[in-house]
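Let's take a friendly walk through a protein model together. Have a look at the picture, and then we will go through some of its parts.

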Amino acid sequence: MKFGDGPRAIFPRAYLDPGIGSMIIQVLIGALVGGLIALRMLWDRIKKRIKDFLKALTGPGRRGGGGGAPQLVP
Amino acid sequence: MALPSSFRDPSGFLFRGEDGAIYRQVNLIYREDYDHLMSSGLYDSLVKEGLLIGHEEVDLEPPRPEIAYKVIKPEPIPFISYPYEWCFSQLKDAALLTLKAQRVALEFGMSLKDASAYNVQFVNGRPMLIDTLSFERHREGRPWVAYRQFCQHFLAPLALMAHRDARLSQLLRVYVDGVPLDLASSLLPLRTRLMPSLLFHIHLHARAQRRFAGRAVDVSGLRMGRLSLLGLIESLESAVRGLRWKPSGTEWAEYYEEAALRGGYLQHKSRLVAEFLDRIGPMDVWDLGANVGVFSRIASDRGIPTISFDADPAAVEKNYLECRRRGETRILPLVLDLTNPSPAIGWGNEERASLMERGPADAVMALALIHHLAISNNLPLDRIARFFKDICRRWLIVEFVPKEDPQARRLLASREDIFPGYNQRAFEEEFGRYFSIEDSSGIGDSQRTLYLMRRLRG
């Protein structure tokens, strides 16, 4: 997407003036909060994998002796 | 002919049909967005969740057929109220509704193209979006076009009410497109700069607006991914939720406790009001000077649509919180200073209607109010009577409080008594010009009298 013409290029049919300052600040906030959300999602995934790993280590398959090595990737 | 409030958005406009009902013309320019709204499942989802007012497509000649795509008939809204008449929690609920609608819209590939507080109305006790044409198809990478408007219409006034003074909601009456962020930033206390959400959404936002105002800036490459957009909405939601205001110190807070001690006064008055209401069976009631709405509820509990007005934002806040707690659908508490009621504002003084234009009410209740108008505000009785004549279609339930009453004496404690004409005989005479007295009764052991009056024709 090209934004070279300013807000008009981004919002060709907008009837409100989004305001250049308002656009810039929201992109900044979005990047910050979006980044934090991405980190949170990543952390949730890491936690889940660790949990799965530990479960596989202590799970019933292990106790039966035939579970094999735990898998890191589901 | 479009309604005076409906002209900014080229997507369509509201108009009044020959049957008196409100219709909306959807213009051809909005065709694809409208079709997407209806076919994507977004409309059904929003209406089902009670976020958007429902409508039906009707076969009616559009007022401007050359640009018309469809005519729709939205569900009627019994009473239009404005953000400067809402208490803190009403504005907060309206803000959260707007953000929730934006979140749902994004799930269906659409986005709110405006975030005006005037697009929200309270229907059956709950805030709802009333502008069906506010949704447009979202293109990935776009920022939120209505972000600035959301901050001006919701976040800035809420922050000012929470962190400075609840009465600052009245700024919305002055600034018809929301509180300018530079003004909000300068009025907010310094400590709000230490709060990340207000620092970014108001203080730095205001600074960015100032810095880039009127400048041709190349914003090539400025892009906002979906995660960022959802992050922005989440951040605004958390900012709004984090704003709190606890009503306290209202001059009426202890009124009922004190009144309850006065020889069965409240119980007798409640019984009389109930009797009068049962006798007249009004279509709707405006309770003026309603405090926290104790007497309004006598009407609303009977299923009568009731507007519960008071000048004190703390009383209205308590009233609204009670509505929410009880899940009430028939009562709408609003902030209104009767000595300076909401005027007509906006372009040509026509965009937002005055209080008088939104009346008259079928029945008006003015309980323990007249002495405040006459003594605290120096309003002559003839003017008070004329005002009630104008806002009352048929019935008036009005209480007269004589000068000898302890509450009236309190009003006169710090001032000269320049009201020789304030007495019960003069009251009956002045109101008798416009109303017939159908019934009257003393209340409990007090010296007060409750009247049921019927408006004279003409």
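Two strands count as paired if DSSP finds at least two bridges between them. Keep in mind that this is a predicted model. With that in hand, look at strand β9 (residues 285-288) of chain B and strand β12 (residues 361-366) of chain B: they pair in the parallel sense, over 4 bridges. Trp286(B), for instance, has Val364(B) in β12(B) as its bridge partner. As background, strands of a sheet pair through backbone hydrogen bonds, in either a parallel or an antiparallel way.

**The sheet of chain B**

Both strands belong to an open sheet of 7 strands with mixed pairing, and its order is β11-β10-β9-β12-β13-β15-β14 (chain B). Which strands stand at the edges? They are β11 (331-335) and β14 (435-442) of chain B; each has a single partner strand, so one side of each is left without a neighbour in the sheet. From one strand to the next, the twist averages 15°.

Two helices of chain B meet this sheet, and the table sets them side by side.

| Helix | Strands of chain B | Angle |
|---|---|---|
| α10(B) (residues 265-280) | β9, β12, β13, β14 and β15 | about 15° with β15(B) |
| α14(B) (residues 381-391) | β9, β12, β13, β14 and β15 | about 140° to β13(B) |

Helix α10 of chain B packs on the sheet, while helix α14 of chain B lies across its listed strands.

**A residue in chain B**

Now find Ala159(B), which lies in helix α4 (residues 147-163) of chain B. Is Ala159(B) buried or exposed? Its relative accessibility is 0%, and buried means under 20%, so Ala159(B) counts as buried. Beyond its neighbours within four places in sequence, Ala159(B) is in contact with Arg164(B), Leu188(B), Leu198(B), Ile202(B) and Leu243(B). Ile233(B) sits 74 residues from Ala159(B) along the chain, and their C-alpha atoms are separated by 17 Å.

**Over to chain A**

Of its 74 residues, 28% are buried. The accessible surface of chain A comes to about 5100 Å², and 63% of that belongs to carbon and sulfur atoms.

A nonpolar surface patch of about 790 Å² is formed by Leu36(A), Leu39(A), Leu42(A), Trp43(A), Ile46(A), Ile50(A), Leu54(A) and Leu57(A). One of these residues, Leu42(A), is found in helix α2 (residues 20-58) of chain A. Leu42(A) counts as partly exposed because its relative accessibility is 46%.

Notes
Residues numbered from 1 in each chain as written. Chains lettered and ligands numbered in written order. Predicted model: local features only at pLDDT ≥ 70, side-chain atom pairs only at ≥ 80, totals over all residues. Heavy atoms only, no water. Patch = residues over 30% accessible without salt bridge, like charges linked within 9 Å, V, L, I, M, F, W, Y side chains within 5 Å. Areas by Shrake-Rupley, 256 points an atom, 1.4 Å probe, with all protein chains shown as cover. Salt bridge = Lys/Arg side-chain N within 4 Å of Asp/Glu carboxyl O. Buried < 20%, exposed > 50% of the residue type's maximum accessible area, 1.4 Å probe, protein only. Axes fitted to C-alpha atoms, helices over the stretch in contact; angles between N-to-C directions. Contact = heavy atoms within 4.5 Å.
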